[in-house]
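Subject: Handing over a structure

Dear colleague,

Below is the structure that I am passing on to you, together with its sequence. Please look at it first, and then read on for what was found in it.

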Amino acid sequence: MKTLNTLLLTLACAVTLLSGSSFAEEKQAPKKTVVERAFQVFPKSLDSDYQGIVESTIYNVILLKKYYPNENYSVFVKKLNEIAEGNTDPAIRYKAHLASTYLTFSDMIQVEPKNHSFDREYLFKQITDQLENKVASK
């Protein structure tokens, strides 16, 4: 009986240790995968005929820049500027302009994303408020 308990305890410890190390390795890899996938998918999404997809992608581009600031976002800036000039929806044009400004001047603008928020307007309001404060202070 004692041998059985020792064997079960050893087995439980081995499973715990091995599963812990495999989870730790998985958390390291997704960073690059997320960025690579975003750079593949976002340009196509910004070209979508569905305004909701374009708007959501603009929001996600801001989040991508917030969490991965060292990437080259020039492709997105160009595309966002095109949307800001040519989209039929004025709200999306405005959001694209704000996102482009954030990507260009992210060192001067701080955004604080909220977890589990269905309202995404707050992020654009943060950018707008900071730009207004910078203009008012000059």
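Asp 47, Lys 79 and Glu 82 are linked with one another in a network of salt bridges, and I begin there because a salt bridge here asks for a side-chain nitrogen of Lys or Arg within 4 Å of a carboxyl oxygen of Asp or Glu. Please keep in mind throughout that this is a predicted model, and that the values in this email were computed from it.

By that rule, the count of salt bridges comes to 6. Side chains of opposite charge can pair when their charged atoms come close. One of the bridges brings together the side chains of Glu 112 and Lys 66, at 3.9 Å from N to O. Glu 112 sits in the loop between H5 and H6, while Lys 66 belongs to helix H3, so this pair ties together parts of the chain that are 46 residues apart in sequence. Glu 112 is partly exposed, with a relative accessible area of 48%, and Lys 66 is also partly exposed, at 27%.

Another bridge joins the side chains of Glu 121 and Lys 95, with 2.6 Å from N to O. This pair, too, links distant parts of the chain, given that Glu 121 is in helix H6 and Lys 95 in helix H5, 26 residues apart.

An α-helix has 3.6 residues a turn, so residues three or four places apart point the same way. Asp 129 is partly exposed, with a relative accessible area of 29%.

Turning to the chain as a whole, you will find 6 helices and 0 strands, so that from the N terminus on the elements run α-α-α-α-α-α. The chain has 138 residues, of which 29% count as buried, and its accessible surface comes to about 9,600 Å², with 59% of that belonging to carbon and sulfur atoms. Among contacts between residues at least 6 apart in sequence, 60% join residues that are at least 24 apart.

Which residues touch the most other members of the largest nonpolar core? They are Ile 58, Ile 62, Leu 80 and Leu 103, in a core of 28 residues. The elements that give two or more residues to this core are helix H2 (30-46), helix H3 (51-67), helix H4 (74-86), helix H5 (90-104) and helix H6 (121-136), and the largest share, 7 residues, comes from H3. Leu 80 shows how such contacts are made: leaving aside its neighbours within four places in sequence, Leu 80 is in contact with Leu 46, Ile 58, Val 61, Ala 96, Ala 99, Ser 100 and Leu 103.

Helix H3 has 17 residues and reaches 25 Å from its first C-alpha to its last, which is close to the 24 Å expected at 1.5 Å a residue. Its buried residues are Val 54, Thr 57, Ile 58, Tyr 59, Val 61, Ile 62, Leu 63, Leu 64 and Lys 65.

Finally, there are the aromatic residues, for which a search of the whole structure finds 5 pairs. A pair of aromatic rings is described by the distance of the centres and the angle of the planes. Phe 39 and Phe 76 form a tilted pair, 4.9 Å from centre to centre and with 55° between the planes, and this pair links distant parts of the chain, with Phe 39 in helix H2 and Phe 76 in helix H4, 37 residues apart. Phe 39 is partly exposed, with a relative accessible area of 26%, whereas Phe 76 counts as buried at 1%. The rings of Tyr 73 and Phe 76 have their centres 6.1 Å apart and their planes at 40°, so this pair is tilted as well, and Tyr 73 is buried, with a relative accessible area of 4%. Together with Phe 42, the residues Phe 39, Tyr 73 and Phe 76 form one aromatic cluster.

With best wishes

Terms used
Residues numbered from 1 in each chain as written. Predicted model: local features only at pLDDT ≥ 70, side-chain atom pairs only at ≥ 80, totals over all residues. Heavy atoms only, no water. Core = buried A, V, L, I, M, F, W, Y, C linked by side-chain atoms within 4.5 Å. Buried < 20%, exposed > 50% of the residue type's maximum accessible area, 1.4 Å probe, protein only. Helix = DSSP H or I, 4+ residues; strand = E, 2+ residues; numbered from the N terminus. Contact = heavy atoms within 4.5 Å. Expected span 1.5 Å × (residues − 1). Areas by Shrake-Rupley, 256 points an atom, 1.4 Å probe, with all protein chains shown as cover. Phe/Tyr/Trp six-rings, centres within 6.5 Å; stacked < 30°, edge-to-face > 60°.
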